[in-house]
Amino acid sequence: MTDHKEVVDVFTEGQLYSPVTEHEDGTVQVHLADTHPGRDDQEYLRRRGEIAGTALRWDRGHEPVPTITYTEDEHEVWRRVSDELAPLHELHAHPEYLAAKERLAPPVDHVPQLQEVSERLLPLTGWRYVCAPGLVPLRDFYADLGNQTFNSTQYLRHGAEPLYTPEPDIIHEVIGHGNQLASPRFAAITEAAGEASLRLETDEAMQFVADVFWFSIEFGVAYDGDDLKAYGAGILSSFGEIQEYSSMEIRDLDLAVMGTLNYDITKYQPVLFAAQSLGHLEDVVGGFFATVTDESAAALRSASMAG
């Protein structure tokens, strides 16, 4: 059992997902940060606990992914964000992402069930979605990526601020990652990152891979000819960040720096790493994930420290 002090301490370290605790009476509590727009909304807190509890109780090996009965307010949040992001994708998303989005064709009028996402993805790239209450242990998350399985939350951001979320919700997981995974090229890079985790023994090497993943699959940009476009799920699911990424400090791909640069998950990313082309991304980042070892990750970390 995690006590409240331990939960609060997690936030001081910049927790990506809100901590979830299950109490002895079977109720589930999601601990939102003090700055979260739903922090004082008791109905939202109850709903978050309900959805997290569904994932916690799921018997992954023997049951289908649970279905969530979404409310009309939750569907409206999905519709609003889908409508607002669509024209921004046309302007800013990499053509590979746009083509994948067209193939996946996620619904815009309702929150999709994860099973629905899987049924659309499987014939395209072989990927499927499973549910998670929130944070998944790093090695478990990446091991699943290596098996073409994406752990996704099922809750939605607070309706008071539908265009903002301080934590990954199903909008991020599906509009960001789901569309991305409908591309065989992005899916292959993601799978390679997962497979890398199965080779690595040290926590330092595992974290290095996760940080390179952050600056590529999550917050990556790439040139399409002379135009800088976004392909990272974190950018393409964020109404604000998708309009700001091109004004950030844009650096060339540099694995040593990508694997060691400190970043604040609660703010727009001030430094982004651009591939010169999708082929360049596959060669550098995809090649790194495909070949990284504990020793090579340590050597890159040392090179960054020395530099």
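# Charges, burial and backbone in a predicted model

Biologist: With 307 residues, which radius of gyration would a compact globule have, and which does the chain have?
Modeller: For a chain of 307 residues, a compact globule would have a radius of gyration near 19 Å. This is a predicted model, and its C-alpha trace spans about 50 × 40 × 40 Å along the principal axes. The value for the chain agrees with that of the globule, being 19 Å.

Biologist: Among contacts between residues at least 6 apart in sequence, what percentage join residues at least 24 apart?
Modeller: The chain has 13 helices and eight strands, and 51% of its 307 residues count as buried. Among the contacts between residues at least 6 apart in sequence, the share that joins residues at least 24 apart is 62%.

Biologist: How far apart are the mean positions of the positive and negative charges of the chain?
Modeller: The chain carries 21 positive and 52 negative charges, and the structure holds 15 salt bridges.

Biologist: Glu167 and Arg48 meet in a salt bridge; how many residues apart in sequence are the parts that the pair ties together?
Modeller: The two side chains of Glu167 and Arg48 meet with an N to O distance of 2.7 Å. Glu167 counts as buried because its relative accessibility is 4%, and Arg48 likewise counts as buried, at 3%. Since Glu167 lies in the loop between strand 4 (149-152) and helix 7 (170-181) while Arg48 lies in helix 2 (residues 42-57), the pair ties together parts whose separation in sequence is 119 residues.

Biologist: Arg120 forms a salt bridge with Glu116; which helix holds Arg120 and Glu116?
Modeller: The closest N and O atoms of Arg120 and Glu116 are 3.3 Å apart. Arg120 counts as partly exposed at 29% relative accessibility, whereas Glu116, at 19%, counts as buried because the cut-off for burial is under 20%. The two residues are four apart, about one turn of the helix, and both lie in helix 5 (residues 114-125).

Biologist: Glu218 is buried yet has no salt bridge; which side chain of opposite charge is nearest?
Modeller: Glu218 lies in helix 9 (residues 203-218). Not counting residues up to four places away in sequence, it touches His172, His177, Phe213, Gly232, Ala233, Gly234 and Ile235. A salt bridge requires a nitrogen of Lys or Arg within 4 Å of a carboxyl oxygen, and the nearest side chain of opposite charge to Glu218, which is 11 Å away, is Arg157.

Biologist: Which residues of helix 4 are buried?
Modeller: Helix 4 covers residues 95-104. Its buried residues pack against helix 3 (72-92), helix 5, helix 7, helix 8 (184-199), helix 10 (233-236) and helix 12 (278-291). The residues concerned are Glu96, Tyr97, Leu98, Ala100 and Leu104.

Biologist: Which residue takes a positive phi just after helix 4?
Modeller: Most residues other than glycine have a negative phi. The residue asked about has a phi of about 50°, and its place is in the loop between helix 4 and helix 5. At a relative accessible area of 37% it counts as partly exposed, and its name is Ala105.

Biologist: What is the phi of Gln148?
Modeller: Gln148 has its place in the loop between helix 6 (138-145) and strand 4, and with 24% relative accessibility it counts as partly exposed. Its phi is a positive value in a residue other than glycine, near 55°.

Conventions. Residues are numbered from 1 along each chain as its sequence is written. This is a predicted model: local features need pLDDT of at least 70, side-chain atom pairs count only at pLDDT 80 or more; totals for chains, interfaces and linings use all residues. Side-chain values use heavy atoms; hydrogens and water are left out. Buried means under 20% relative accessible area, exposed over 50%, partly exposed in between (1.4 Å probe, protein chains only). Lys and Arg count as positive and Asp and Glu as negative; His and the chain ends are not counted. Contact means heavy atoms within 4.5 Å. The radius of gyration is taken over C-alpha atoms; the globule rule is 2.2 Å times the number of residues to the power 0.38. The place of a charge is taken as NZ of Lys, CZ of Arg, CG of Asp or CD of Glu.
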